[in-house]
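Dear colleague,

Please find the structure below, together with its sequence. An account of what was found follows it.

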Amino acid sequence: MIINDNLDKDLVIYELESSDKSGVLREMVTALKATGLELDVESALQVLMSREKLGTTGIGDGIAIPHGKLDCLENIAVVVGRSGTGVNFEALDGNPCQIFFMVLAPEQGAGSHLKVLAQISRQLKDENFRNAFINSQTPQDLLTLLNLT
């Protein structure tokens, strides 16, 4: 997968605990901060929720790609999450989301930000990939699917 250039196995959450949109976003941002990144969780959440108010990032087919830009970042950060039960993310098709790719980019990195979003979208159009992601039986299965082993 092309996007694994911006992905680290420590930023793959095999089973999200949260059952709502704001909880999922908090869980994913908190995972990013836990890697040692100088990041204000509340500021990041505000950026992500502001983007959600413009229109949901739940694109359908069980997928959500929340994203935003932060001044404090030097590089693009991608956090991946999976929810076996699904989360109401106000997706365009009305169905719960099980696949989450959160993308946070530096404020000045618009071009690369869009490129990563496009790469993720292309990868997630593959129904076999989506099914393998959702049906992964172990964290290791998910890491293997993402080419992070």
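**Arg82 and its surroundings**

The side chain of Arg82 comes within reach of the backbone oxygen of Ile134, at 3.0 Å. Please bear in mind that this is a predicted model. The residue Arg82 belongs to strand E5, which covers residues 77–87.

Is Arg82 buried or exposed? Its relative accessibility is 8%, and because buried means under 20%, Arg82 counts as buried. Leaving aside residues up to four places away in sequence, Arg82 touches Ile13, Tyr14, Glu15 and Leu16, and also Gln98, Phe133, Ile134, Ser136 and Leu142.

**The protein as a whole**

How many helices and strands does the protein have? Its secondary structure comes to five helices and six strands. Followed along the sequence, these elements give the pattern β-α-α-β-β-β-β-β-α-α-α.

The overall dimensions can be described in two ways. The C-alpha trace spans about 35 × 35 × 25 Å along its principal axes. The radius of gyration is 14 Å, which agrees with a compact globule, because a globule of 149 residues would have a value near 15 Å.

Of the 149 residues, 50% count as buried. The accessible surface comes to about 7,400 Å², and carbon and sulfur atoms hold 47% of that area. Among contacts with a separation of 6 or more, 67% are between residues 24 or more positions apart. As to charge, the protein has 12 positive and 20 negative side chains, and the centres of these two sets lie 5 Å apart.

**Asp8 in strand E1**

Asp8 is found in strand E1, which runs over residues 7–13. A polar atom of the Asp8 side chain lies 2.7 Å from the backbone nitrogen of Asp10. How far apart are the C-alpha atoms of Asp8 and Val78? They are separated by 7.9 Å, although the two residues are 70 residues apart along the chain. With a relative accessibility of 37%, Asp8 counts as partly exposed, since that class lies between the limits of 20% and 50%.

**Two residues with positive phi**

Most residues other than glycine have a negative phi. Asp61 has a positive phi, near 60 degrees, and is a residue other than glycine. Where does Asp61 lie? It is in the loop between strand E2 (58–60) and strand E3 (63–64).

Asn147 also is not a glycine, and its phi is positive at about 60 degrees. This residue lies in the segment after helix H5 (139–145). The relative accessible area of Asn147 is 44%, so Asn147 is partly exposed.

With kind regards

Methods:
Residues numbered from 1 in each chain as written. Predicted model: local features only at pLDDT ≥ 70, side-chain atom pairs only at ≥ 80, totals over all residues. Heavy atoms only, no water. Helix = DSSP H or I, 4+ residues; strand = E, 2+ residues; numbered from the N terminus. Buried < 20%, exposed > 50% of the residue type's maximum accessible area, 1.4 Å probe, protein only. Contact = heavy atoms within 4.5 Å. Rg over C-alpha atoms; globule rule 2.2 N^0.38 Å. Areas by Shrake-Rupley, 256 points an atom, 1.4 Å probe, with all protein chains shown as cover. Lys, Arg positive; Asp, Glu negative; His and termini not counted. Charge placed at Lys NZ, Arg CZ, Asp CG, Glu CD. Polar contact = N/O pair within 3.5 Å; in protein donor to acceptor, adjacent residues only side chain to side chain.
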